[in-house]
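This report describes selected features of the structure shown below.

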Amino acid sequence: MSTTPKISEAEWEIMKIIWEHHPLTSEQITRLLPASVEWSEQTVRTFVTRLLKKKAIAYEKSGRSYLYYPLVSENECVRAESRSFLKRVFGGATQLMVTSFLEDVELSKQEIEQLEQLLREKKSQGTSGNSGKQE
């Protein structure tokens, strides 16, 4: 599998629209941006060009227009960004990240139950992901 491209915060705005509505022209992308994002079509084209160079998106020509579509999935990019964040901020220590998150965030009873279920599922999968560490 190829390496997932590193996407900037601004490029994420463009990618979210492309993932949801592709294929799109740059003009359509500009119109679909949230109201809080006031970019000109030229700014959008700049980000589109960067995403093309990073091989995050591709295009097909349709008449005089270029229709952009994703080459990487949203899930793939979210996972890569999560791994990068974990490594950069917490030195790869998952437990430290989860502990920090749980101490700082208010969770509903339903959210806690969902997390408990996820942990039970992980536990039932065994310890194959322990990287050879011994207990």
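Thr25 is located in the loop that joins α1 (9-21) to α2 (26-32); helices (H or I, at least four residues) and strands (E, at least two) are DSSP runs, numbered from the N terminus. The model is a predicted one, in which local features need pLDDT of at least 70 and side-chain atom pairs count only at pLDDT 80 or more, while totals for chains, interfaces and linings use all residues. Residues are numbered from 1 along each chain as its sequence is written, and side-chain values use heavy atoms, with hydrogens and water left out.

Thr25 counts as buried because its relative accessibility is 15%. The classes are buried for under 20% relative accessible area, exposed for over 50%, and partly exposed in between, with a 1.4 Å probe and protein chains only. When neighbours within four places in sequence are left aside, Thr25 is in contact with Ser65, Tyr66, Leu67 and Tyr68; contact means heavy atoms within 4.5 Å.

Val48 belongs to helix α3 and is buried, with a relative accessible area of 2%. Not counting residues up to four places away in sequence, Val48 touches Ile14, Ile29, Ile57 and Tyr68. Val48 and Lys123 are 75 residues apart along the chain, and their C-alpha atoms are separated by 42 Å.

Glu60 is part of strand β1. At 43% relative accessibility, Glu60 counts as partly exposed. Its contacts, leaving aside neighbours within four places in sequence, are Ser65, Tyr66, Leu67 and Tyr69. Glu60 and Leu24 are 36 residues apart in sequence, with a C-alpha to C-alpha separation of 9.9 Å.

## Salt bridges

Side chains of opposite charge can pair when their charged atoms come close. A salt bridge is defined here as a side-chain nitrogen of Lys or Arg within 4 Å of a carboxyl oxygen of Asp or Glu. By this rule the count comes to five salt bridges. One of them joins Lys54 to Glu11, with the closest N and O atoms 2.7 Å apart. This pair links distant parts of the chain, 43 residues apart: Lys54 lies in the loop between α3 (41-53) and β1 (57-62), and Glu11 in helix α1. Lys54 counts as partly exposed, at 33% relative accessibility, whereas Glu11 is buried, with a relative accessible area of 2%.

Two further pairs lie within helices. In helix α2, Arg31 and Glu27 are four residues apart, about one turn of the helix, and their side chains meet in a salt bridge at 3.0 Å, N to O. Arg31 counts as exposed at 56% relative accessibility, and Glu27 as partly exposed at 43%. Glu41 forms a salt bridge with Arg45, for which the closest N and O atoms are 2.9 Å apart. Glu41 and Arg45 are four residues apart in helix α3, so about one helical turn separates them. Both partners are partly exposed: Glu41 has a relative accessible area of 25%, and Arg45 has a relative accessibility of 39%.

## Packing of α4 and α5

Two packed helices are described by the angle between their axes and the distance between the axes. The axes of helix α4 (residues 74-90) and α5 come within 10 Å and cross at roughly 90°. Helix α4 is therefore roughly perpendicular to α5, a class that covers angles of 65 to 115 degrees, with under 35 counted as roughly parallel, over 145 as roughly antiparallel and the rest as oblique. The contact is made by Phe85, Leu86 and Phe90 of α4 together with Thr94, Leu96, Met97 and Ser100 of α5. Axes are lines fitted to C-alpha atoms, for helices over the stretch in contact, and angles run from 0 to 180 degrees between N-to-C directions.

## A nonpolar surface patch

Val98, Phe101, Leu102, Val105, Leu115 and Leu118 make a nonpolar surface patch of about 460 Å². The elements that give two or more residues to this patch are α5 (94-104) and α6 (109-124). Helix α5 gives the most, with three residues. Patches are made of residues with over 30% relative accessible area and no salt bridge; like charges are joined within 9 Å and nonpolar side chains (Val, Leu, Ile, Met, Phe, Trp, Tyr) within 5 Å. Accessible areas come from the Shrake-Rupley method with a 1.4 Å probe, and for residues only the protein chains shown count as cover.

Phe101, one of the patch residues, is found in helix α5. At 41% relative accessibility, Phe101 counts as partly exposed.
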